Amino acid sequence: MFLSKDSSLFPYLLRRQARLRREYLYRKSIENKERLIAEKKEKIKNAIEGNKVIPTDLREEALTLQKSLDWDDEGGEGVTSHMDDEYRWAGVEDPKIVVTTSRDPSSKLKQFAKEIRLIFPNSQRMNRGNYEIKQIVEACRANDVTDFIIVHETRGIPDGLIISHLPFGPTAYFTLLNTVMRHDIPNLGTMSEAYPHLIFHNFKSRVGKRVMNILKYLFPVPKPDSQRVITFVNQDDYISFRHHTYKKVKKEVELQEVGPRFELKLYEIKLGTIDEEKVADVEWALRPYMNTAKKRRILSDDVF
């Protein structure tokens, strides 16, 4: 899987990757500016149509923005986003995933990594060994891997999950809670390898939709007759993961839990891959010690 540095293609791949990265960063840099202009135009348009007073902070540039409104095309998708580049092949090509662990994993973490690999179709598990993160990410890019997943533990209990989308990001950091392995679930069903149907509940805010996309695009498009279902339910910003298969018996649907089961708690999203986490921009981060933190529901209420 790993690309040797002695390969004649290695310098070319590095230059190409650097060029693509620069183009991506440029598009991302102008995105906020375009979004701000679009939001100002929308405020002015609503004020004019509703016969309301134009906001004070927009009065100086109101005439200029109003003139440009005449040339705007309402039939488009609006301001383009770097997210369009991140997932532009979603649904066209199946994702390709690599799952690994932290260094020196316990037997329980190894087992949990195997179960995580079974959840995602077209995924493979890799022993971490002595490899650096940068080496693994470069190898994944060279082999057209779309997502890189790392599972962490504390004293033998899996408590961390990192999902890094390749080649440019984003990277989502989750805390794992209440993890139950497959062999600890009674009346366990057999693991199906069919592409699963996905159910997402209560992901309404901008951050919630972002997290939903990060999780959704880990899975390929299922066939209509697939009898495998994976559910992500958000309740008070804790995402419950459940994995079932179903079958029809006498016109009734019977669910069989497959496992594993766990809860996810998002604490950070970075605009970059995991090997660039020290220099990547923070798209969103959990602020649990703010005065209004208890009142906020980040994934369900659009407070940003």
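At 36% relative accessibility, Asn 122 falls into the partly exposed class, which applies between the limits for buried (under 20% relative accessible area) and exposed (over 50%), computed with a 1.4 Å probe on protein chains only. The structure is a predicted model, in which local features need a pLDDT of at least 70 and side-chain atom pairs count only at pLDDT 80 or more, whereas totals for chains, interfaces and linings use all residues. Residues are numbered from 1 along each chain as its sequence is written, and side-chain values use heavy atoms, with hydrogens and water left out.

Asn 122 is located in the loop that lies between helix 4 (107-119) and strand 2 (123-125); helices (H or I, at least four residues) and strands (E, at least two) are DSSP runs numbered from the N terminus. Beyond four places in sequence, Asn 122 is in contact (heavy atoms within 4.5 Å) with Asp 94, Pro 95, Lys 96, Ile 97, Tyr 195 and Pro 220. With one of these residues, Tyr 195, the side chain of Asn 122 forms a side-chain to side-chain polar contact at 3.5 Å, a polar contact being a pair of N or O atoms within 3.5 Å, of which, within protein, one must be able to donate a hydrogen and the other to accept it, while residues adjacent in sequence count only if both atoms are side-chain atoms. By contrast, 52 Å separates the C-alpha atoms of Asn 122 and Ala 62, which are 60 residues apart along the chain.

Thr 245, placed in strand 8 (residues 238-249), counts as buried because its relative accessibility is 16%. Leaving aside residues up to four places away in sequence, Thr 245 touches Thr 190, Ser 192, Gln 227, Arg 228, Glu 254, Leu 255, Gln 256 and Val 258. In helix 5 (residues 133-142), the buried residues include Ile 133, Ile 136, Val 137 and Cys 140. After helix 5 comes Asp 144, with a positive phi near 60°.

The whole structure was searched for cavities, and two of 30 Å³ or more were found. On a 1 Å grid over the protein atoms alone, a cavity is a set of points where a 1.4 Å probe fits but cannot get out, and lining residues have an atom within 4 Å of a point; grid points are joined across faces, edges and corners, and the volume is the space filled by probe spheres set on the points. The largest cavity, with a volume of about 90 Å³, is lined by 13 residues, among which Phe 120, Leu 161, Phe 232, Phe 241 and Phe 262 lie nearest its centre. Helix 4, strand 4 (157-165) and strand 10 (261-271) each contribute at least two residues to this lining. The second largest cavity has a volume of about 50 Å³ and is lined by Asp 237, Lys 265, Leu 266, Trp 284, Leu 286, Ile 298 and Leu 299.

Across the chain, the secondary structure comprises six helices and eleven strands, and 38% of the 304 residues count as buried. The average pLDDT, the predictor's confidence in each residue on a scale from 0 to 100, is 85, and 90% of the residues score at least 70. Values stay under 50 over residues 1-6 and also over residues 76-80. Where pLDDT is low, the predicted coordinates should not be read in detail.

Key:
On a 1 Å grid over the protein atoms alone, a cavity is a set of points where a 1.4 Å probe fits but cannot get out, and a pocket is an open set with protein on both sides within 12 Å along at least five of seven lines; lining residues have an atom within 4 Å of a point.
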